[in-house]
Amino acid sequence: CFEDYVYFENSSSNPYLIRRIEELNKTANGNVEAKVVCLFRRRDISTNLNTLADSNARDFEEESKQPSMSEQQKHQLKHRELFLSRQFESLPATHIRGKCNVTLLNETDVLTGYLEREDCFFYSLVFDPVQKTLLADQGEIRVGSKYQAEIPDKLAEGDLDNRVQEKLETKVWDPNNQLKDPQIDQFLVVARAVGTFARALDCSSSIRQPSLHMSAAAASRDITLFHAMDTLQKNSYDLAKAMSTLVPQGGPVLCRDEMEEWSASEAMLFEEALEKYGKDFNDIRQDFLPWKSLASVVQFYYMWKTTDRYIQQKRLKAAEADSKLKQVYIPTYTKPNPNQINAPGSKPGMNGATGYQKGLSCESCHTAQSQQWYAWGPPNMQCRLCASCWIYWKKYGGLKTPTQLEGATRAAPRGHMTRQEVQGMSPFTSSAGRAKLLAKNRQTFILQTTKLTRIARRVCQDILQSRRAARRPYASINANAVKAECMIRLPKAAKSAVKNRLIPRPSLINIVKELAVQAPLKLKAPRGAPTPINRNQVNQPRSASALLGKRPFDNVSNTLSTNGRPFALGMRAATQSVIKRQKVSQGDAPNPVVFVATKDTRALRKHLTQAEMRRVARKPHLPVRIKLPVPPRPLPVPIIPSSTSEPIVLED
């Protein structure tokens with residue numbers, strides 16, 4: 001129906017969209033489209049705006065003195081908060097999945113009451129999708145202790161009011177005056193006549209109201225009557241003095257209101273702005289009438305509502321509303337969701353719904369039993385939700401329990417994290433984290449466990465099976481069952497001493513000496529003329545490996561080292577200088593160290609058998625012994641003696 005809040009589904013895996021129906025229109029092909037107002041969730045706005053919303057929520061809780069809530073209630077309450085916007089869009093009515101209730105947050109409301117009711121949401125801020133800002137709703141109903149008037153105590157009989165009345169209020173009319181009502185009415189008629197005569201003398205007024213009827217109608221407006229009554233009050237209700245005040249020596253007094261000051265084009269602009277923004281006078285003035293003051297716009301609105309123009313527009317809108325659809329029947333949506341994880345033997349679903357391993361628990365409530373499971377998150381993560389958590393995800397756009405991915409703190413530390421938490425903590429999730437990994441190839445990370453988890457590894461070795469779990473890191477471990485069994489065995493295990501195997505560790509000095517011995521030698525390149533580039537490299541692409549120089553191979557012996565250090569072999573280190581050295585970006589470099597084989601080294605590899613190549617790959621620190629074939633001796637070139645010792649002369 002019109003102005004109902006409904007759920008719209010635009011994706012089978014994403015949460016529902018919450019929209020307010022403004023119009024129901026029938027298209028040319030017979031389908032029904034709904035013109036709706038967009039409402040946004042917390043997951044739809046940026047982190048900075050979420051921080052601003054958190055600050056506003058804390059201020060509201062302090063001012064309204066809300067009862068204390070648990071961390072889970074605070075987490076779920078964020079899913080019930082929406083942000084109103086002035087963005088409109090058209091959606092097909094067939095995508096409606098149900099109705100919900102959205103109300104403006106009031107200081108008298110109890111926040112926990114929204115959690116007790118299904119499909120109930122609230123909003124207090126307005127989100128601008130273009131400017132990316134959050135502002136307080138100007139239509140807020142001011143209800144509360146700070147908006148109530150403070151009524152003083154009633155004076156007892158005989159007590160005098162010692163307050164200065166002039167400072168408290170301004171007296172504009174005295175009903176206990178000496179004039180009678182007919183005399184006051186006659187003075188008001190004279191004031192209207194003076195106003196009509198003043199408009200006849202004014203050139204600008206004669207252009208705006210060319211006829212006598214229009215001038216008389218303008219002179220009969222409230223601004224003329226207010227001026228006449230104010231004149232009587234200032235002259236102590238003396239008709240003679242009031243008459244002379246209405247018509248001073250310079251000419252009759254002309255009183256105009258905003259309706260008369262505005263031109264016809266300005267009134268058309270106001271009507272157009274009112275159709276677009278409603279009664280948001282700040283936006284009307286800013287976008288359509290910047291040369292008018294806000295007070296002038298508001299005053300013109302209430303005067304415009306008294307005109308025939310307003311009545312005509314109201315009748316036209318009522319006629320248009322009667323011709324449009326009032327309501328539309330949407331049948332219950334019974335089609336299966338593509339994210340359902342089907343049972344074995346049934347038709348496979350989408351998004352990796354099939355092929356899920358047995359024993360995986362719900363990512364939200366961590367239950368292992370459910371009538372129906374749904375695939376949730378990236379397909380390669382194989383995350384799933386139970387039926388109730390899936391409905392909660394679709395309606396409220398979050399999980400029931402707080403996770404570290406959403407920045408919530410847990411009451412008790414857990415020994416494991418869900419997959420979405422690990423994915424959120426990964427540096428690959430943000431562009432800044434990816435840039436850091438490209439700038440530094442070796443990223444240090446640490447997996448820190450709790451004390452109870454370390455104890456459970458020793459006490460419950462038969463259940464945990466750490467070796468088997470290490471070989472299958474993708475298989476889930478029921479940490480709750482392990483901890484429960486650990487709490488049962490822990491009192492008995494505390495009586496018997498746990499045998500710890502001491503591992504002797506060398507001192508830091510010995511480790512540094514050993515690393516220094518094992519470090520590769522760094523030989524300085526000899527100074528000399530640069531070696532020209534090999535002809536075979538001219539047409540090759542300038543990759544990262546081609547930027548480095550080739551190492552010469554001299555005096556081939558019987559041993560060869562694969563880690564860059566020379567042995568009895570005659571191979572030298574990379575001493576050849578590089579021509580036109582270019583900068584290699586850290587993101588393009590495959591490894592921090594690159595070894596480039598020479599032509600002679602590749603020739604030596606052909607003399608290694610397959611078994612020897614595997615042995616070298618498994619143990620690269622051991623030298624390789626190669627038996628080289630004896631090179632064939634060059635054949636002597638026979639010298640053919642010349643037939644004569646005389647020189648040979650060629651003539652043309």
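A salt bridge is a side-chain nitrogen of Lys or Arg within 4 Å of a carboxyl oxygen of Asp or Glu. Asp462 and Arg489 form such a pair, with their closest N and O atoms 2.9 Å apart. This is a predicted model, in which local features need pLDDT of at least 70 and side-chain atom pairs count only at pLDDT 80 or more, while totals for chains, interfaces and linings use all residues. Residues are numbered from 1 along each chain as its sequence is written, and side-chain values use heavy atoms, with hydrogens and water left out.

**Salt bridges**

- The whole structure contains 16 salt bridges.
- Asp462 lies in helix H19 (residues 461-464) and Arg489 in helix H21 (residues 479-495), so this pair ties together parts that are 27 residues apart in sequence. Helices are DSSP runs of H or I with at least four residues, strands are runs of E with at least two, and both are numbered from the N terminus.
- Asp462 is partly exposed at 47% relative accessibility, and Arg489 is partly exposed at 23%. Buried means under 20% relative accessible area, exposed over 50%, and partly exposed in between (1.4 Å probe, protein chains only).
- Glu9 and Arg97 are joined by a salt bridge of 2.7 Å, N to O. Glu9 is in the loop between strands E1 (5-8) and E2 (17-26), and Arg97 is in strand E5 (residues 96-104), so the contact ties together parts 88 residues apart in sequence.
- Glu9 is buried at 12%, whereas Arg97 is partly exposed at 21%.
- Asp230 pairs with Lys234 at 3.3 Å between the closest N and O atoms. The two are four residues apart in helix H8, and therefore separated by about one helical turn.

**Helix packing**

- Helix H5 (residues 181-201) packs against helix H9 (residues 239-246) at about 15°, with the axes 11 Å apart. Axes are lines fitted to C-alpha atoms, for helices over the stretch in contact, and angles run from 0 to 180 degrees between N-to-C directions.
- H5 and H9 are therefore roughly parallel, a term for angles under 35 degrees; over 145 is roughly antiparallel, 65 to 115 roughly perpendicular, and the rest oblique.
- The axes of H5 and H8 (residues 222-234) come within 9 Å and cross at roughly 125°, which makes H5 oblique to H8.

**Surface**

- Leu508 is exposed, with 64% relative accessibility, and is located in helix H22 (residues 508-518).
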